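Let's walk through this protein together, one region at a time. Keep the model open beside you as you read.

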Amino acid sequence: MALKVSGSNLTRRVTRMPLSPLRCDKATGALQRYTSSLKGRNMKLNFVLFTITLFFLAGCAGKVNYTPPIATPTAKNSITIDEPVERVWKKIIPSLGSSFFVINNIDKDSGFINLSYSGDPERYIDCGTVESHVKNMRGERRYRFPAASAYEEYESFDNGQDLFFIKRRMDLEGRINIILQELSSEQTLVSVNTKYVVTKDATVTHVQGASQRLNDTITFNTNGSARFPQTTKCVATGALEREVLKNLGI
C-alpha cells in the first residue's frame with residue numbers, strides 16, 4: 001500500500017504508544033453494508049444498527065491547529081566596547097574557548113571569528129505552537145507543544161479516516177560570525193551574525209504498517225525567518241546572539 005500524507009501539520013506529541021485501532025472508513029462501511037442487507041426485516045433492529053453506524057461515523061475525527069510564532073522585536077546583535085581592539089581580542093579568545101560553542105576559524109588580522117552551535121532548536125528559535133485533537137474508538141487525545149521541540153512522537157488523523165504515527169526530529173545548526181571593528185583607538189564594535197540551518201525529519205507510519213520518511217531544511221539569518229512546507233514558520237529570537245555576546249567576557 002502506497003503511503004500518502006496530506007498537507008496536515010505533522011507536529012504532535014504522544015504520551016503513550018497507541019494500539020492498532022480499526023480504520024474508521026472500513027468499520028463504518030462494513031456496518032452500512034450489513035445494515036442494508038437487513039433492510040425491511042426488522043424495523044427495530046434496523047434502527048439499532050443505524051444508530052451504531054452513526055456512532056462509528058461520528059467516532060473518528062482529527063483536527064490540528066497551528067499558531068505561528070509571535071513577531072519578535074529586532075534583536076540587538078552588536079555592542080560597542082570602550083577599549084582598543086587589541087585588548088578586546090585578547091579577552092574574547094580565552095572566553096570563547098571555555099564556552100560550549102565550537103571555534104571553527106580565527107583571523108586576527110581581519111578581526112573575524114567563526115563559531116558553530118548544533119543542538120536543540122527550541123533554545124534559540126520560535127516555530128509557533130501546535131495543538132492536535134485525535135478521537136477514535138480508543139478514546140480522545142489532545143496534544144499541545146512548541147513546534148521547535150527537538151523530538152516528538154504523536155498521532156495524526158488524515159481526513160478523519162487514516163491514522164498515522166509520527167516520529168519527528170528538529171535540529172538546529174547555527175553558523176556564527178563574530179566581527180571586531182576598530183571605531184577609534186579606544187573603541188571597538190563587536191558584531192554577531194548567525195546563519196540558522198533548521199532541519200525537520202519525520203518518519204510517518206500508517207496504522208496498517210506502510211511508512212514514509214520526510215526531510216526538509218530551511219535557512220535564515222539573524223532577525224530573519226523561513227517557512228517549512230505544510231505551514232510551519234520559524235523565526236530567530238535573538239537568544240543565540242545574546243548568549244554569544246554574553247560569553248565574550250567583555
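Start with helix H3: its buried residues pack against strand E2 (78-81), strand E3 (102-107), strand E4 (112-119), strand E9 (162-184) and E10. Here a contact means heavy atoms within 4.5 Å, and buried means under 20% relative accessible area, exposed over 50%, with partly exposed in between (1.4 Å probe, protein chains only). Helices (H or I, at least four residues) and strands (E, at least two) are DSSP runs, numbered from the N terminus.

Before going further, please note that this is a predicted model, in which local features need pLDDT of at least 70 and side-chain atom pairs count only at pLDDT 80 or more, while totals for chains, interfaces and linings use all residues. Residues are numbered from 1 along each chain as its sequence is written, and side-chain values use heavy atoms, with hydrogens and water left out.

Which residues of H3 are buried? They are Val 88, Trp 89, Ile 92 and Leu 96. Seen down the axis of H3, these buried residues fall within an arc of 100°, so they line one face of the helix; the arc is that of the directions from the helix axis to the C-beta atoms. On the face turned away from that buried side, you will find the exposed residues Lys 90, Pro 94 and Gly 97. The helix spans residues 85-97, and its 13 residues reach 19 Å from first C-alpha to last, close to the 18 Å expected at 1.5 Å a residue. That expected span is 1.5 Å times one less than the number of residues.

Now follow E10 (residues 187-206) to its partner E11 (residues 211-221): they pair in the antiparallel sense over 11 bridges. Two strands pair if DSSP finds at least two bridges between them.

Elsewhere, an open sheet of 3 strands runs in the order E5-E13-E12, with antiparallel pairing. Strand E5 (125-126) and strand E12 (225-227) stand at the edges with a single partner strand each, so one side of each has no neighbour in the sheet. E5 is joined to E13 (residues 233-236) by 2 bridges, and Ile 125 has Ala 236 as its bridge partner in E13.

Stepping back, the protein has 4 helices and 13 strands, and 44% of its 250 residues count as buried. Among contacts between residues at least 6 apart in sequence, 64% join residues at least 24 apart.
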